[in-house]
Amino acid sequence: MPTDLMPLLYAVVIGYLCGSVPFGLLLTRAAGLGDIRDIGSGNIGATNVLRTGNRQVAAATLVLDAAKAALPILFAGYYWGANAAMLAAIGALLGHCFPVWLNFKGGKGVSVMIGSLLALSWPVGLIFCAVWLVIAFAQRMSSLAALTATATAPIFAFVLVNEWLAGAIAIMAIVLFFQHRENIARLMAGTEPKIGSENKAS
């Protein structure tokens, strides 16, 4: 492999390894809340951790899941440049969604997307969060908020940064949409639970 491609490969691998750390699983076990995979949807992300009723652990999961994406992105960007940073972001999302340690069954990627966007371009990251909040408050559906924010993120990246970042985010959006395929089916059927609902299917 050409030496100039090695840093890009390193960026993907480092991103994947950092992204694959299952903080939701580790924190819920440490807090004595059991195995998060046996709760709610079985997802290891912050939304499912919140279903344990422990908001502190859920908040910690969100922050750490965002950080595990941001750190390898910043590292790769500092040492190897913008292209490596974008590849580290894609690697981190793949690691979170498909961690080898958990038989490739991970989270849905929203927290990792937030951390990635803030690290790659903080204005795009803040817009993502703003769109999520607006839709969440208006429609009271976490999945719809995440999908809307994800769908619009490549557009804002293209307008505010460049087509390369927009392309990288578009790839990440495809992964996130795939992870939300069951939510999309419920949204289309009108059966997706709202925030605060007792319905645990998500």
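Predicted model: local features only at pLDDT ≥ 70, side-chain atom pairs only at ≥ 80, totals over all residues.
Colleague: Where should I start with the nonpolar core, and which residues have the most contacts inside it?

Modeller: In soluble globular proteins, nonpolar side chains tend to be buried together. Here the largest nonpolar core has 36 residues, and those with the most contacts inside it are Leu 117, Phe 128 and Ile 169. Helices H4, H5, H6, H7, H8 and H9 each supply at least two residues of this core, and H5 gives the most, with nine. Ile 169, leaving aside its neighbours within four places in sequence, is in contact with Leu 117, Val 124, Ala 153, Pro 154 and Ala 157. Another core, of seven residues, lies apart from it, and includes Ile 36, Ile 44, Val 49 and Ala 58.

Colleague: Why is H6 described as largely enclosed by the rest of the structure?

Modeller: A residue counts as buried when its relative accessible area is under 20%. In H6, eight of the eleven residues are buried, so this helix is largely enclosed by the rest of the structure. The buried residues run from Val 110, Ser 111, Val 112 and Met 113 to Ile 114, Gly 115, Ser 116 and Leu 117, and they pack against H3, H4, H5, H7, H8 and H9.

Colleague: Is His 180 buried or exposed, and what does His 180 touch?

Modeller: His 180, placed in the loop between H9 and H10, counts as buried at 4% relative accessibility. Not counting residues up to four places away in sequence, His 180 touches Lys 108, Val 110, Ser 143, Ala 146 and Leu 147.

Colleague: How many residues line the second largest pocket, and which lie nearest its centre?

Modeller: The second largest pocket, with about 360 Å³ of space, is lined by 18 residues, of which Ser 41, Asn 43, Gly 106, Lys 108 and Gln 179 lie nearest its centre. By type, the lining divides into five nonpolar, eight polar and five charged residues, and the largest share of the lining, three residues, comes from H10.

Colleague: How many aromatic pairs does a search of the whole structure find?

Modeller: The search finds five. For Tyr 78 and Tyr 79, the ring centres are 4.9 Å apart and the planes stand at 85°, so the pair is edge-to-face. The rings of Phe 98 and Phe 178 have centres 6.5 Å apart and planes at 45°, so that pair is tilted. Because Phe 98 lies in the loop between H5 and H6 and Phe 178 in H9, the pair ties together parts that are 80 residues apart in sequence.

Methods. Residues numbered from 1 in each chain as written. Heavy atoms only, no water. Helix = DSSP H or I, 4+ residues; strand = E, 2+ residues; numbered from the N terminus. Buried < 20%, exposed > 50% of the residue type's maximum accessible area, 1.4 Å probe, protein only. Contact = heavy atoms within 4.5 Å. 1 Å grid on protein atoms, 1.4 Å probe; cavity = no way out; pocket = protein on both sides within 12 Å on 5 of 7 lines; lining within 4 Å. Points joined across faces, edges and corners; volume = space filled by probe spheres on them. Nonpolar A, V, L, I, M, F, W, Y, C, P; charged D, E, K, R; others polar. Core = buried A, V, L, I, M, F, W, Y, C linked by side-chain atoms within 4.5 Å. Phe/Tyr/Trp six-rings, centres within 6.5 Å; stacked < 30°, edge-to-face > 60°.
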